[in-house]
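Hi,

Here is the structure I promised to pass on. Have a look at it first, and my notes follow below.

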Amino acid sequence: MGRRGHGEGSITRRKDGRYQAAITLENHKRKYFYGKNRKEVQDKLNRALYDQKQGALATGPQQTLKVFLEKWLEQVCRLTMKPNTYKTYRSMARAHIIPALGHIKLQKLTVEHLQGFFAEKQEGLKPLTLRRIHATLKGALDDAVKQGFVVRNVAMYVSLPRVERYEGLVLTKEQARRLLEVAHGSRLDALLLVALTTGMRQGELLALRWDDIDFETRMLLVRHSVTYVGGIGFVETEPKTKAGRRKIMLPDVVIEGLTRHRERQAETRCKAGEKWREQGLVFPAAYGGFLQANSLWASFKRLLKRAGLPDVRFHDLRHSAATILFAAKVDLKVISELLGHSSIAVTSDIYAHLLPSMQREVADKMNDLFGGS
């Protein structure tokens, strides 16, 4: 083996002709670098020494992206993120990332790898799905950087196609009434009534309990949400923001509808007998437990078809409620609080397409106030 050059650190020449450099890590282990010539190894060594001095040198064990992702999903993502986020990230990792990139060593993953991967995926997937895949990778690699497995998050440097905001379909006031007419007497009539008058999210509706409703004051408290995660079951969580935990004053028509619904539920409980599992839910499944989202979806779609209405998503009922309130000239702040948005800015961003008409009304009123006689 050849001598080290002055100031080059631990550089030696191997029997196979390649050059080798090494530095000692904080855990007293040695990290090695290889190259075809002395300059190549010297550059790698200098970069490593600099990164070590800055505290940015990757010192973790070598592992594939597949191994790291699986650990991250169960040990970090599942414990620290909302169930829906964990559910999405797990799906993106298993369906897309691991099959294509899982074999690559974590520390060898490059921007070029990811850019090529997303270029291929772009052929068959929507931009929104690409964004979800990217969010999964970015979240995982952020944690890899924190743990010292890699020096930088290469997902931050990937270019993705723009995602056009999905505004969804909404029901007009007349269409909403038609839906409630058709649903009257069905197991979904009270649920749809509450959805259209409060704008509550699906998970919030399915987690709603009778204890959350004060019939005397007509107040409903939103304090939980539930989602189903494969392999785990139903997971109940609190609202992710302070604004999400909110009180909603219910109209008389909703109080009346919920009163009838509670009476019918008591009859159903008696008929179910020992099969009933009481959880105090307002909108339970047949025997008292949480209602599956796909069961709700199927029943909802049948009602839409019977009513001759557009094929909207269940979540579009939330947008329908907001749109109807906008049309009724309800104040933006009131709508924002009803929906549980973290700020008015969130509401105005989501419903920006509705704001021009409101601005025209403001302009007309200003003209009446300050215009000529």
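In what order do the 3 strands of the open sheet come? The order is β4-β5-β8, with antiparallel pairing; strands here are DSSP runs of E with at least two residues, helices are runs of H or I with at least four, and both are numbered from the N terminus. Two strands pair if DSSP finds at least two bridges between them.

Before going on: this is a predicted model, where local features need pLDDT of at least 70 and side-chain atom pairs 80 or more, while totals for chains, interfaces and linings use all residues. Numbering runs from 1 along each chain as its sequence is written, and side-chain values use heavy atoms, without hydrogens and water.

β4 pairs with β5 (residues 219–222) over 2 bridges, and Ile213 sits opposite Leu220 in β5.

Glu204, in helix α8 (residues 202–206), is worth a click. Its relative accessibility is 5%, so Glu204 counts as buried (under 20% relative accessible area, with exposed over 50% and partly exposed in between, using a 1.4 Å probe and protein chains only). Leaving aside neighbours within four places in sequence, Glu204 is in contact (heavy atoms within 4.5 Å) with Val222, His224, Ser225, Gly244 and Arg246.

Cheers
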